[in-house]
Amino acid sequence: MLSKAATMEIPMNRNGDTGTLPEDDSLEQVAKLQWSLDEKDLQQVMVSGPNLNETSIVSGGYGGTAEGIIPTASIKGSSMQDSRSSSSMTAEESSRGVAVEKLDFMKQWGLNTYKCTKQMIAERFGRGSRTVDLELEAQIEVLRDTKRKYENVLRLARALTNHLYSMVQTQHALGDTFTDLSLKSPELRDEFGYNAETQKLLCKNGETLLGAINFFVSSINTLVNKTMEDTLMTIKMYEAARLEFDAYRADLEELSVGPRDVVNMARIDTAQEQYQIHKDKYERLRSDVTIKLNFLDENKVKVMHKQLLLFHNAISAYFAGNQQQLEQTLKQFNIKLRPPGADKPSWLEEP
């Protein structure tokens, strides 16, 4: 509207002065109204601020066509898609790396199993050499035989405990019956009375003997099923390491006989490295087995010396009827008898 007003002709009056046009007032009012609207829009923009999702970037000049306007929402979406694609590529690469590691592990495990199986079959049919430590093999065989015999002692001691427990329970019931009959049979009160006292005394001594035998059984069980078993587990690891060592040793010897070309020399170097690794493992476990066998022998002598002395003194005192000596035996070995019902949980522990 301002450009239209600027290009209009200016009329002249008769005296040559410019006259006032009726449109001048309307043009000024329109200009003031436009300025106030622009000022209000500017204040609103300053207060609220632009929304990044609704703003646009104009690629061309001012007043260009709408084809050059690029919404920022599309730029934000493309950046998010790029970040998602990069994160998915990273996850895919990591999962691919884990799969490759598992594949290499399975390949190595299969190769090692094949070599050990081949060595085992060759030893079984007498076509392969075997590394033997005669002194250590003899000690291992003695340990296995000792474990079998101690397991038999443990089984018999448990059977004796069960029989003795049944006898004590029978004596306790018999003493209660004699006591009841002494009260109901006045003519046989004395006879039933001292028989009841005898059974109660035997029951008390039987419970003391049970405490000693239970301690004996517990100590033998720890020696057989924990100490000896731990040593035998180390022996199993030693035997497996010996088989692997012989398998890689035979593989190295087989490759050393072959031609000395580039490919075979690379295989020999790899086999030499694996041979040295398994040799170190074999020697380390052999040393561990030797140390554990020596400690086991010392521990076995100490434990059995104490337990056999306890067993002898307790059995002798019980069958001799020496209650004082039986109680003294338990004090000597620091054995405390549990009161009746001690194995039952308290009312706080009950579900």
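Helix 5 and helix 6 run roughly antiparallel to each other in this model, which is a predicted one. Two packed helices are described by the angle between their axes and the distance between the axes. For helix 5 (residues 189-257) and helix 6 (residues 262-319), the angle is about 165° and the axes are 7 Å apart. Angles over 145 degrees count as roughly antiparallel, so the pair falls in that class. The crossing of these two helices is left-handed. Sorted by class, the residues in the contact of helix 5 with helix 6 are 33 nonpolar, 13 polar and 12 charged.

With helix 6, its axis comes within 8 Å, and the two axes cross at roughly 160°. Helix 6 is therefore roughly antiparallel to helix 7, and the crossing of this pair is left-handed. With helix 5, the axis of helix 7 comes within 10 Å, at a crossing angle of roughly 25°. Angles under 35 degrees count as roughly parallel, so helix 5 and helix 7 are roughly parallel. Helix 5 also passes helix 7 in a left-handed crossing.

Side chains of opposite charge can pair when their charged atoms come close. The structure holds 14 salt bridges, and one of them joins D251 to K115, with the closest N and O atoms 2.8 Å apart. Because D251 lies in helix 5 and K115 in helix 3, this pair ties together parts that are 136 residues apart in sequence.

Helix 3 spans residues 72-124 and also contains W109. What do F105, M106 and W109 make? Together these three residues make a nonpolar surface patch of about 390 Å².

How values were computed: Residues numbered from 1 in each chain as written. Predicted model: local features only at pLDDT ≥ 70, side-chain atom pairs only at ≥ 80, totals over all residues. Heavy atoms only, no water. Patch = residues over 30% accessible without salt bridge, like charges linked within 9 Å, V, L, I, M, F, W, Y side chains within 5 Å. Areas by Shrake-Rupley, 256 points an atom, 1.4 Å probe, with all protein chains shown as cover. Salt bridge = Lys/Arg side-chain N within 4 Å of Asp/Glu carboxyl O. Helix = DSSP H or I, 4+ residues; strand = E, 2+ residues; numbered from the N terminus. Axes fitted to C-alpha atoms, helices over the stretch in contact; angles between N-to-C directions. Parallel < 35°, antiparallel > 145°, perpendicular 65-115°, else oblique. Left-handed = near helix turned anticlockwise from the far one by under 90°. Nonpolar A, V, L, I, M, F, W, Y, C, P; charged D, E, K, R; others polar.
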